[in-house]
Amino acid sequence: MHDFSIPSGQSPDILYNDLRSAARALTDGEPDGIANMANISALIWQYIPDLNWAGFYRVIDDELVLGPFQGKSACIRIAMGKGVCGTAAATNAVQRVADVHDFPGHIACDADSRSELVVPVSKNGKVIAVLDLDSPLPDRFSAEDEAGITALIAAIANSLG
Ligand code: SME
């Protein structure tokens with residue numbers, strides 16, 4: 001169906017522009033948030049190098065519940081405020097962690113993870129999910145990655161729930 005060609009070695013702004021266009025094309029006109037999360041996690045996995053996990057946790061009854069993802073099987077439920085994901089959801093603030101070993105309460109779903117970027121997904125001012133990216137490389141995520149992923153989520157948040 002959709003075949004996106006992804007040249008390697010692109011600058012981050014071009015990569016994130018392309019990723020955002022592809023994500024818009026994939027979610028356009030599709031109302032099912034879970035289907036869209038599944039495609040977006042697959043797209044991120046294709047586009048962004050050096051990840052060992054990419055996916056969503058959904059806020060259900062004031063708890064985070066594992067959603068569509070790519071990578072190894074992961075923790076199913078995370079309490080609000082716990083770990084990197086729970087902190088992002090509880091505070092509605094991006095968490096960019098250079099070394100997860102230094103983050104108090106980090107939840108190690110995959111022992112290979114060394115750095116992490118978690119971006120809240122808000123709809124009508126309410127956090128409905130978080131997008132979690134993990135890398136086996138320390139300090140993998142730059143300020144440009146944070147800006148690119150934040151803009152991606154802002155562009156498609158209405159399609160995610
Ligand atoms: N490390 C996360 C848990 C989710 S897994 O990495 C997929 C955290 O501390 O919230």
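**Close-up views of a predicted model**

S73 counts as exposed, because its relative accessibility is 64% (exposed means over 50% relative accessible area, buried under 20% and partly exposed in between, with a 1.4 Å probe and protein chains only). This is a predicted model, in which local features need pLDDT of at least 70 and side-chain atom pairs count only at pLDDT 80 or more, while totals for chains, interfaces and linings use all residues. Residues are numbered from 1 along each chain as its sequence is written, and side-chain values use heavy atoms, with hydrogens and water left out.

**View 1. S73 in its loop.** S73 lies in the loop between β2 and β3 (strands are DSSP runs of E with at least two residues, helices are runs of H or I with at least four, and both are numbered from the N terminus). The C-alpha atoms of S73 and M37 are 16 Å apart, and the two residues are separated by 36 residues along the chain.

**View 2. The packing of helices α1 and α2.** Helix α1 (residues 12-27) packs against helix α2 (residues 33-47) at an angle of about 155 degrees, and their axes are 10 Å apart (axes are lines fitted to C-alpha atoms, for helices over the stretch in contact, and angles run from 0 to 180 degrees between N-to-C directions). The angle therefore makes α1 roughly antiparallel to α2 (over 145 degrees; under 35 counts as roughly parallel, 65 to 115 as roughly perpendicular and the rest as oblique). On the α1 side, the contact is made by L15, D18, L19, A22, A23, L26 and T27, and on the α2 side by N36, N39, I40, L43, I44 and Y47 (contact means heavy atoms within 4.5 Å).

**View 3. Helix α3 and its cover.** Helix α3 (residues 83-91) has seven of its nine residues buried, so it is largely enclosed by the rest of the structure. The buried residues of α3 are G83, V84, C85, G86, T87, A88 and A89. Their cover includes β1 (53-60), β2 (63-71), β3 (77-79), β4 (95-97), β5 (115-123) and β6 (126-135). After α3 comes N92, which has a positive phi, near 50 degrees.

**View 4. The surroundings of D145.** D145 lies in helix α4 (residues 143-156), and it counts as buried because its relative accessibility is 8%. The D145 side chain makes a polar contact with the side chain of R140 at 3.1 Å (a polar contact is a pair of N or O atoms within 3.5 Å; within protein, one must be able to donate a hydrogen and the other to accept it, and residues adjacent in sequence count only if both atoms are side-chain atoms). The side chain of D145 also reaches the backbone nitrogen of S142 at 2.9 Å. Leaving aside neighbours within four places in sequence, D145 is in contact with Y16, L117 and R140.
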